Amino acid sequence: MFKMLSIVALALLPVPAMASELDPPEGPVVLQVTGAITATNQGGSAAFDRHMLEALQQRETITSTPWYDGKSTFSGPLVSSLLEAVGATGDTAHVTAINGYSADIPLSDFDAAPVILATHLDGDELTVRSKGPLFVIYPFDEHPELYNEAYFGRSVWQVVSIEVR
Ligand SMILES: Nc1nc2c(c(=O)[nH]1)N[C@H]1C(S)=C(S)[C@@H](COP(=O)(O)O)O[C@H]1N2
Ligand SMILES: [Mo]
């Protein structure tokens, strides 16, 4: 009985280094994730530098887009991998760009298709000039049903923050 009680007591102890904690960023922060997340590293938010984004599951897609001629090769972390890393619990990603533009993306989009938070275009790092540093890219050629205005509007470029709601 006493043994059982101590097991219960142990289970109730706060564990300081939970697996849900994120390492702090070491380089310049390129993305802030806030809102309904369980893993944080700066107050209530999760700050990512490029290295942390590279540590997430990467994906590449070769696709036509409304923004470039012909086919482009985009690569970067899967948005689903990012949301998993921050322990997202909501149902919408409110994605905001440098210029204040924002779009609400249902989290179900990221299960339906491998949506990429692109860091590279045709092998080159995306810069603010080339719609970077981060560009939400749907794999349009792999999922032609996504090639329409609704998804173009969710294709936020120059992404700086994501609030999970
Ligand atoms: N950063 C940023 N991303 C954005 C937008 C924007 O204004 N700023 N417009 C969105 C909308 S509503 C659409 S339809 C497409 C439009 O791309 P276009 O302006 O090149 O036609 O980009 C989307 N991504
Ligand atoms: Mo749009």
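A polar contact here is a pair of N or O atoms within 3.5 Å; within protein, one of the two must be able to donate a hydrogen and the other to accept it, and residues adjacent in sequence count only if both atoms are side-chain atoms. With that in hand, let us begin at the ligand. An oxygen atom of ligand 1 lies 3.5 Å from a polar backbone atom of Phe152. Another contact involves Trp67, whose side chain places a polar atom 2.9 Å from an oxygen atom of ligand 1. Trp157 takes part through its backbone, with an N or O atom 2.8 Å from a nitrogen atom of ligand 1. Taken alone, ligand 1 exposes 530 Å², and the protein buries 66% of that (areas follow the Shrake-Rupley method with a 1.4 Å probe, and for residues only the protein chains shown count as cover).

A word on the model before we go on. It is predicted: local features need pLDDT of at least 70, side-chain atom pairs count only at pLDDT 80 or more, and totals for chains, interfaces and linings use all residues. Residues are numbered from 1 along each chain as its sequence is written, chains are lettered from A and ligands numbered from 1 in the order in which they are written, and side-chain values use heavy atoms, with hydrogens and water left out.

Which residues are around ligand 1? They are Trp67, Ala97, Asn99, Tyr101, Glu149, Phe152, Gly153, Ser155, Val156 and Trp157, where a residue counts as near if one of its heavy atoms lies within 4 Å of the molecule. Helix α5 gives the most to this shell, with three residues (helices are DSSP runs of H or I with at least four residues, strands are runs of E with at least two, and both are numbered from the N terminus).

Two of these neighbours also meet each other. Rings of Phe, Tyr and Trp (its six-membered ring) pair if their centres lie within 6.5 Å; planes under 30 degrees apart are stacked, over 60 edge-to-face, and the rest tilted. The count comes to 12 aromatic pairs. In one of them, Trp67 and Phe152 sit edge-to-face, 6.1 Å centre to centre and with 75 degrees between the planes. This pair links distant parts of the chain, 85 residues apart: Trp67 is in the loop between β3 (58-64) and β4 (71-77), and Phe152 is in helix α5 (residues 149-154). Phe152 is buried because its relative accessible area is 17%, whereas Trp67, at 21%, counts as partly exposed (buried means under 20%, exposed over 50%, partly exposed in between, with a 1.4 Å probe and protein chains only).

Both residues belong to one aromatic cluster, which also includes Tyr151 and Trp157.

Finally, turn to the strands. An open sheet of four strands runs in the order β3-β4-β8-β9 with antiparallel pairing (two strands pair if DSSP finds at least two bridges between them). Its edge strands are β3 and β9 (124-125), each pairing on one side only. Strand β8 (residues 120-121) meets β9 in the antiparallel sense over two bridges, and His120 stands opposite Glu125 in β9.
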